[in-house]
Amino acid sequence: MIITLILLIASLILSIVFVYMAITERDLLKATAFSAGQSICYATILQAMGAADIAMTYVAVSAGLYSAILVFVISKTERFEEVSSE
Amino acid sequence: MKRVIVLVVLVLIAVVSSVITPLVISIEVPRYLKDLSRYYIINTIKDTASPEAVAAIVWDYRGLDTVYETLVLYLAIVGGLTIFMYTGELARKTPVGLTLLSRTATKIITVLISTVSAAIAFHGHLTPGGGFPGGSALAVATMLIIPVFSINTLLEKGVTSTKLVAIRGVSLTGLGLVALLPVIRGLEIVTNQRFYPGYLDGFILSGSISLYNLLEFLAVASGFTAVALYLSIPEEYYKGGDNA
């Protein structure tokens, strides 16, 4: 029980870190990698709560397919995001 | 630098709130099962011959919902493929891939992913998993091959989008037939145990659940691989046709 709670809290905090890094990153490929890391954190949370079926689908779709499709999309545009300075 | 400060503040807020919350609100673990979940836990193995309650609910108790859900995904992918339809011939360039190191690593990883995806799909009626996660995992393996080895490698091996769409159509037709066949004997659509055998020579088959998982695995894997193949066609082919 206590291990499950610690795992939940650690994954949630780590997912906040990944989300923040993904939003503020200008290199879109790195942002995609951070997004995949956030997905793995969420999959850990689902597994800790006992939803093994959902966790498996979540990893395959969110960390695998979603990231791969984003990489395809980035390959059709520019890799670095342009930020207008003020 | 500003980024790091914001991040530290965010993490601090999260840590503090996760420490305070259990002190303010008492977390209670439910001690009793609800009637519905008790019904599924007790009766699943008897009703569907499947020890995995989630697969039993998805493909047997609520089987019609899942069949329609598969239909929705089929229409979505067919719509996407229609937009990206490319009928011309792809020019065979010399394969441009990544370095030898990443190629070797990808070879090993691809075999591992394929094995795991087959295990997820074919044990879907015994352990967590099923056709959709297994098929998505297999599609990830092919999506890994395309950037590392170039698309021509797949095309030369005979993995073309026409064949993939054909596999998808055949397996979805099979899925529909598995759902429809019990009607011939006057049973309801998507009937499982009263029509399909639950056990075969000591092996647990769970009736139609393993068939559904196998067909869904083929359909999802070929569908997503076809999407990846179409996405990796360069845009110049769509525009001018001079390069084609």
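Modeller: Helix α3 of chain A passes helix α6 of chain B in a left-handed crossing, a term used when the near helix is turned anticlockwise from the far one by less than a right angle, the clockwise case being right-handed. This is a predicted model, in which local features need pLDDT of at least 70 and side-chain atom pairs count only at pLDDT 80 or more, whereas totals for chains, interfaces and linings use all residues. Residues are numbered from 1 along each chain as its sequence is written, chains are lettered from A and ligands numbered from 1 in the order in which they are written, and side-chain values use heavy atoms, with hydrogens and water left out.

The helices and strands named here are DSSP runs, numbered from the N terminus (helices are H or I with at least four residues, strands E with at least two). The axes of α3(A), residues 52-75, and α6(B), residues 131-149, come within 9 Å and cross at roughly 30 degrees; such axes are lines fitted to C-alpha atoms, for helices over the stretch in contact, and the angles run from 0 to 180 degrees between N-to-C directions. The two helices are therefore roughly parallel to each other, since angles under 35 degrees count as roughly parallel, over 145 as roughly antiparallel, 65 to 115 as roughly perpendicular and the rest as oblique. Among the residues that make this contact (heavy atoms within 4.5 Å) are A:A60, A:G64, A:L65 and A:F72 of α3(A), together with B:S136, B:V140, B:M143 and B:I146 of α6(B). By class, the contact has 14 nonpolar, three polar and no charged residues, where Ala, Val, Leu, Ile, Met, Phe, Trp, Tyr, Cys and Pro count as nonpolar, Asp, Glu, Lys and Arg as charged, and the others, Gly among them, as polar.

On α6(B) there is also a contact with a helix of its own chain. The axes of α6(B) and α9(B) lie 7 Å apart and pack at an angle of about 30 degrees, which makes this pair roughly parallel, and their crossing is right-handed. Including B:S136, B:M143 and B:I146 on the α6(B) side, the contact also takes in B:V220, B:F224 and B:L229 of α9(B), and by class it has eleven nonpolar, seven polar and one charged residues.

B:S136 belongs to helix α6 of chain B and is buried, with a relative accessible area of 0% (buried means under 20%, exposed over 50%, partly exposed in between, with a 1.4 Å probe and protein chains only). Neighbours within four places in sequence aside, B:S136 is in contact with A:A60, A:V61, A:L65, B:V220 and B:F224.

Of the 26 residues in the largest nonpolar core, A:L65, B:I146, B:F224 and B:L229 touch the most other members, a core being a set of buried Ala, Val, Leu, Ile, Met, Phe, Trp, Tyr and Cys residues joined through side-chain atoms within 4.5 Å. At least two residues of this core come from each of α3 of chain A and α4 (63-83), α6, α7 (151-156) and α9 (208-231) of chain B.
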